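The exercises below concern one protein model and are each followed by a worked solution. Please consult the sequence and the coordinates while working through them.

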Amino acid sequence: MLEVSGLSKSFGGLAAIDRASLEVAADEIVALIGPNGAGKTTLFACVAGFLKPDTGSVRFLGRDVTGLPPHHICAQGIARTFQIAQPFARLSVLENVMVGAYHATRLRRDATAQAEVVARQVGLGGQLDMRADALTLAGRKRLELARALATQPKLLLLDEVMAGLNPVEVEEIIGMVRKIHATGVVILLIEHVMQAVISLAARAYVLSNGRIIANGSPTAIAGDPAVIDAYLGHGAAARLKQGPPHA
């Protein structure tokens, strides 16, 4: 579904992404992990059209979408969330989600109906009239997810949607991501919460200093010395090796 090949992006003399390649198939949840500053969000921005890569290509559903503007890529079926949720503060929850829904329809009644469905899907059905700036951090994260989901994507890029949440909130988001995936939406996620990576992703790519240094199942990459040294450390590596928790 998604093919990123030899992607590079530099800012001045700093290579944020250095010939990175990854693939996401049509039925997968894939994680992109790595230390802070590794280039993960920059890679997302290049895929979603917010940055134009210096070299390399992005193909989606067989089409070259490299360097297309974000609204064109969104229309193709790729939506992303942002690491720092910044809703339209003075708009209601419903109005914020409608912003995403207008990518799929020009009709207000249809955008409203779509926004209501998506808001309930992420647990915001009881807060539709609340102003966005009154939401908790967990609520803003859900709103960010809802706004992206309202565009009706085929591929959803989730950028640390669980960062800063407590364990109960993390479990709730994990459940939502599973349900979204079950509807046919493919997911590529950036995440530092290893519990989420273990529970959700069949495969993971590890990015360090702009380069992909490993990929494979979470349990497989946990045994890679380069990954342990660059990112995981021995504690997180041991947790990944244990695999997902049993129900």
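A residue is called buried when its relative accessible area is under 20%, exposed when that area is over 50%, and partly exposed in between. The structure is a predicted model.

**Exercise 1. Salt bridges**

Task: State how many salt bridges the whole structure holds, then describe the pairs formed by Asp 159, Glu 172 and Glu 144.

Solution. 
1. The search of the whole structure gives 8 salt bridges.
2. One of them joins the side chains of Asp 159 and Arg 80, with an N to O distance of 3.7 Å. Asp 159 belongs to strand E7 and Arg 80 to strand E6, so this pair ties together parts 79 residues apart in sequence. Both Asp 159 and Arg 80 are buried.
3. Glu 172 and Arg 142 form a salt bridge at 2.5 Å, N to O. Since Glu 172 is in helix H6 and Arg 142 in helix H5, the pair ties together parts 30 residues apart in sequence. Glu 172, with a relative accessible area of 36%, is partly exposed, whereas Arg 142, at 13%, is buried.
4. Glu 144 and Arg 147 meet at 3.1 Å, N to O. They are 3 residues apart in helix H5, which means a separation of about one helical turn. Glu 144 and Arg 147 are both buried.

**Exercise 2. The largest pocket**

Task: Give the volume of the largest pocket and describe its lining by residue, by element and by class.

Solution. 
1. The volume of the largest pocket is about 340 Å³.
2. Its lining has 19 residues, of which Phe 50, Arg 80, Phe 82, His 103 and Thr 151 are the closest to the centre. Arg 80 is also the salt-bridge partner of Asp 159.
3. Two or more lining residues come from each of helix H2 (70-76), E6, H3 and helix H5 (137-149). H2 gives the largest share of the lining, 4 residues.
4. The lining is made up of 11 nonpolar, 5 polar and 3 charged residues.

**Exercise 3. A nonpolar surface patch**

Task: Which residues form a nonpolar patch on the surface, and where does Leu 91 lie?

Solution. 
1. The patch consists of Phe 88, Leu 91 and Val 99, which together have about 220 Å² of accessible area.
2. Leu 91 is in the loop between strand E6 (78-80) and helix H3 (93-101).
3. The relative accessibility of Leu 91 is 32%, so this residue counts as partly exposed.

Technical notes. Residues numbered from 1 in each chain as written. Predicted model: local features only at pLDDT ≥ 70, side-chain atom pairs only at ≥ 80, totals over all residues. Heavy atoms only, no water. Patch = residues over 30% accessible without salt bridge, like charges linked within 9 Å, V, L, I, M, F, W, Y side chains within 5 Å. Areas by Shrake-Rupley, 256 points an atom, 1.4 Å probe, with all protein chains shown as cover. Salt bridge = Lys/Arg side-chain N within 4 Å of Asp/Glu carboxyl O. Buried < 20%, exposed > 50% of the residue type's maximum accessible area, 1.4 Å probe, protein only. 1 Å grid on protein atoms, 1.4 Å probe; cavity = no way out; pocket = protein on both sides within 12 Å on 5 of 7 lines; lining within 4 Å. Points joined across faces, edges and corners; volume = space filled by probe spheres on them. Nonpolar A, V, L, I, M, F, W, Y, C, P; charged D, E, K, R; others polar.
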